[in-house]
Amino acid sequence: MHGHEKSDRPIVPMKPPNEAEPEGKEVVEGRGLAKGKTPERNMSRTQSRISMSSALERIRQAARRDRGQRFTALLHHVYEVGQLRAAYKGLKREAAAGVDGQTWRQYGERLESNLLDLSERIKRGAYRAQPVRRAYITKAGDPQQLRALGVLVLEDKIVQRATAAVLSSVYEQDFARFSYGFRPGRSPHQALDALSVGIMQRQVNWVLDADIRGFFDTLDHEWLVKFAEHRVADRRIVRLLQKWLKAGVLEEGRHIETEKGAVQGGSISPLLANMYLHYVFDLWVQPWRRTKARGDVIVVRVADDFVVGFEHRGDGEQFLSELVERLKRFGLELHGQKTRLIEFGRHAEEDRQNRGEGKPETFNFLGFTHSCAKTRKGRFIVLRHTMRKRWQKKLKEVKRELRRRMHNRVAMMGEYVRSVILGHMHYYAVPMNAVSVSDFRMAVGRIWWRVLERRSQKAHVSWTQMEQRIARWVPQTRVCHPYPWQRFGVIT
């Protein structure tokens, strides 16, 4: 399978055995540097960035010209010192260390020599991926459940980020327009805008709110490699991907081999997820809605979370049935309790009233609860409010953090509260959600007040005093985003 299929046709390949060569057969590309000669150090960093950017642009142009082209020489773009340096600079400086304990700052103390050594090891095939340290966080939608995250060693983060930049230059030319997750120049709010505009301007009466069960934990490694080989003929890049997939996990001092799944937390994982679903979902749904649907169909996907709107209920039911079978072929399944086909759209409320049923159901997507509503002039609109679980979870986090900072100076606490409110407002302050954002603002203020009250049995803080502090440190609520049709129209 060589990836010559056109992007508008579904990819349904037969699953061949994995023929990746063993690591010991890695080929050395080019000649190594002579002893004592380090031209990378003499190259201007500005020139390096320019040449790196132009090299990636040439890859983009070639991928855009020929959607069937397979790239045979990509590794040298990965181990180029300027690319590795840019990857290092792009990492979070305070991120937790991996199993080797090395931090961003420690690695940067001898950055150039470390990067040169890393570059040479990648070039000659001596680079080895290290096991991932597993950590757990609570899920945003369900605080009772834990989500497993992987903490990579710093060099793995660097090489993954550099590789992702190179591969993105290829795959960004292929990815569907309705795919918004983890892509440069795209954001969750663009996906939210596209969904709202699609429901309001197209003939959408039914919405499929779908969730893939344990997506990152169930990715099939062999399928993933075959999907990568549609565009990548450089066996050394493929072996890099296999090294990361097979590096395993270190949990409580015990090394666990991974036969499937991609570790969440790695720089390459979001790209791998998009690659997988591009072939499994996107290239299947595009011809489906052209050839099988009787009416309008809209699709918005953000990583493994997607919403599909239908004009006719029969289309939605047929789509869901075939989607289950499609995912099953590639080792995936829908979450039964989180996947629903609901009546939703401009006619939903009236149709349900005529049948003697209640209000249209709501669905959650990207932190917002979507519901059917009307403007004062009676025009149908998709109303978006902050998900209640997200709202409550964030308040609990703020409460824990303010208690931890209880004896800090008021100014320091105020700076923290300001950052929380601004972050919440920049994401959730969409049109017609200002009341929810304002309620969150005041809830944080009351939590801060109760914490200050507990600092001392003698020092009472009146609500009047607290209002002055809130006015000093807590920003006023304001809408930070335009209406969906305003922004989406400009973008498209």
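1. A191 lies in helix α8, residues 188-201. Helices here are DSSP runs of H or I with at least four residues, strands are runs of E with at least two, and both are numbered from the N terminus. A191 counts as buried because its relative accessible area is 0%. Buried means under 20% relative accessible area, exposed means over 50%, and partly exposed lies in between, with a 1.4 Å probe and protein chains only. Between the C-alpha atoms of A191 and Y180 the distance is 6.0 Å, although these residues are eleven apart along the chain.

2. On the source: this is a predicted model, in which local features need pLDDT of at least 70 and side-chain atom pairs count only at pLDDT 80 or more, while totals for chains, interfaces and linings use all residues. Residues are numbered from 1 along each chain as its sequence is written, and side-chain values use heavy atoms, with hydrogens and water left out.

3. Aromatic pairs come next. Rings of Phe, Tyr and Trp (its six-membered ring) pair if their centres lie within 6.5 Å; planes under 30 degrees apart are stacked, over 60 edge-to-face, and the rest tilted. The count by this rule is 21 aromatic pairs. One of them is the edge-to-face pair of F344 and F363, with 5.1 Å centre to centre and 70 degrees between the planes. This pair links distant parts of the chain, 19 residues apart: F344 is in the loop between β8 (340-343) and α14 (348-354), and F363 is in strand β9 (residues 363-365). F344 is buried, at 0% relative accessible area, and F363 is buried, at 1%.

4. F368 and Y428 form a tilted pair, with 5.2 Å centre to centre and 55 degrees between the planes. Here the two partners are 60 residues apart, F368 in strand β10 (residues 368-374) and Y428 in helix α16 (residues 410-428). F368 is buried at 0% relative accessible area, and Y428 is buried at 10%.

5. Which residues do ring pairs link into a cluster? They are F215, F216, W223, F227, Y276, Y279 and F330.

6. The surface has a patch of positive charge formed by K399, R403, R446, R450 and R454. Patch residues have over 30% relative accessible area and no salt bridge, and like charges are joined within 9 Å. A salt bridge is a side-chain nitrogen of Lys or Arg within 4 Å of a carboxyl oxygen of Asp or Glu. Helices α15 (388-404) and α17 (434-453) each supply at least two residues of the patch. R454 is in the loop between α17 and α18 (463-473), and R454 counts as exposed because its relative accessibility is 53%.

Conventions:
Patch = residues over 30% accessible without salt bridge, like charges linked within 9 Å, V, L, I, M, F, W, Y side chains within 5 Å. Areas by Shrake-Rupley, 256 points an atom, 1.4 Å probe, with all protein chains shown as cover. Lys, Arg positive; Asp, Glu negative; His and termini not counted. Charge placed at Lys NZ, Arg CZ, Asp CG, Glu CD.
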